[in-house]
Amino acid sequence: MSLSRIALNQQQIEAINWRNLQSLRTGLSDLICEPMEVTSEQLQKMIYSEGFPEEARFDEQGNLYEENFYVSLQRRMETAIASESIAVRCGVVIDNSFLRSFPTMAGSYRKEQIGEIDRFAVTMLKLGEPVLVYGQDESGLWSFVRSRQAIGWMLSERIAWETDFFRWRQYCANRMQAVVTDSCFTLDYTDFDGISQSKNLFMGTCLALYDTTRDTFLVGLPVKDRRGNLANIQLVLRRNGSLVPGNLPLSAQNIISQAKKMLGEPYGWGGTGYHRDCTSLVGDVFSTFGLQFPRNSTQQLQMFGVERLPVKREQRYQFISALMPGAVLYFPGHAMLYLGRRGQELEILHSVYALGLPAADRIIPHKLRRVVTGSLRQQRVNGECLLDALTACWAPEHQKQQL
């Protein structure tokens, strides 16, 4: 099969998205179908869906968090669930934002990963994403929100409110969009006060598309007005390949091309530092084709069309080598993109924290913390070969058979 051949058309992509939205285990949400009022008990379950860590956690300086730190967090969170019935508000993210497990920017680290993997980081919400807002902490600095992928706390200042539900619903369902296809695209513009501003738009960011010509796009940039409500600044942007009208055609060639735009970029657990971890890389790549991927590897393994890999090593090797490049390979806690076979090597691309380097009598952990290419012959830090660790895959060309 040619690498440029379309593996899934837009109708098939929408059918896959619909299937994934029906499964609670993917964590995906069709926001416009969520209830606009919740009870205090329901909200409490959402807020505490991720409990405080039982293991020892440290701040960036290596200081152990004591009980009073968590007591303070809990007091802030309790403000959001003070009422018996909570009316949900509609909003739109107006700048790239960190979604956090708790209302704090203080990092939470295991002893061996201080300053590297912040366990309070959930994901990064991109500019333009719609959210439902369930409440705020006692300071009002933090809002508890649901995005299409996850729930958590984000800074309130980065939300523009939409008081008209039907207008917000139309915003969520807007199909006329310009999609960012660069890894990161810097947009310069002038705000309502005539001040020059700049925004970073990451791969998969969608802007309302009003008009196109051969050379330009007319797009809408979501911002706050002076009352904090949602407004749009209309901008004329030149066609330079950074944005496309609608979605890219889903082919193996395009998947690999999109992924390679991120090579060399830093690893970012849960969006830390506005960087990508393994699953956000996969999600951003496929978002340019209109596919909605869940947030983490556990949830991605619950997607429609995920296949279990053969148990025997040789059969697994043959199965993977027969896949079209662009398939997603999984083992628990990690995801990677299959680039194809070169000779006897099965090549991959992934955002990886660490791999294992074989020494004379042991495996030495090597912290790559980058988006890199490699092969399934490489080893994990526990010494296990990547090929042997794999458990499942999601292959675009196999989806048609299951729809």
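Visitor: Between which helices is the place of Tyr274?

Guide: Tyr274 lies in the loop between α5 (252–260) and α6 (278–287). Helices (H or I, at least four residues) and strands (E, at least two) are DSSP runs, numbered from the N terminus. The model is predicted: local features need pLDDT of at least 70, side-chain atom pairs count only at pLDDT 80 or more, and totals for chains, interfaces and linings use all residues. Residues are numbered from 1 along each chain as its sequence is written, and side-chain values use heavy atoms, leaving out hydrogens and water.

Visitor: What is the phi of Tyr274?

Guide: Tyr274 is not a glycine, yet its phi is positive, about 60°. Tyr274 is partly exposed because its relative accessibility is 29%; buried means under 20% relative accessible area, exposed over 50%, and partly exposed in between (1.4 Å probe, protein chains only).

Visitor: Where is Arg369, and what is its phi?

Guide: Arg369 is in the loop between β24 (363–366) and β25 (370–375). Its phi is positive, about 50°, although Arg369 is not a glycine. With a relative accessible area of 34%, Arg369 is partly exposed.

Visitor: In what order do the five strands of the open sheet run?

Guide: Two strands pair if DSSP finds at least two bridges between them. Here the order is β16-β15-β14-β11-β17, with antiparallel pairing. β16 (230–238) and β17 (243–245) are at the edges with a single partner strand each, so one side of each has no neighbour in the sheet. From one strand to the next, the twist averages 40°; axes are lines fitted to C-alpha atoms, for helices over the stretch in contact, and angles run from 0 to 180 degrees between N-to-C directions.

Visitor: How many bridges join β11 and β17?

Guide: Three bridges pair β11 (residues 177–180) with β17 in the antiparallel sense. Val180 is opposite Leu243 in β17.
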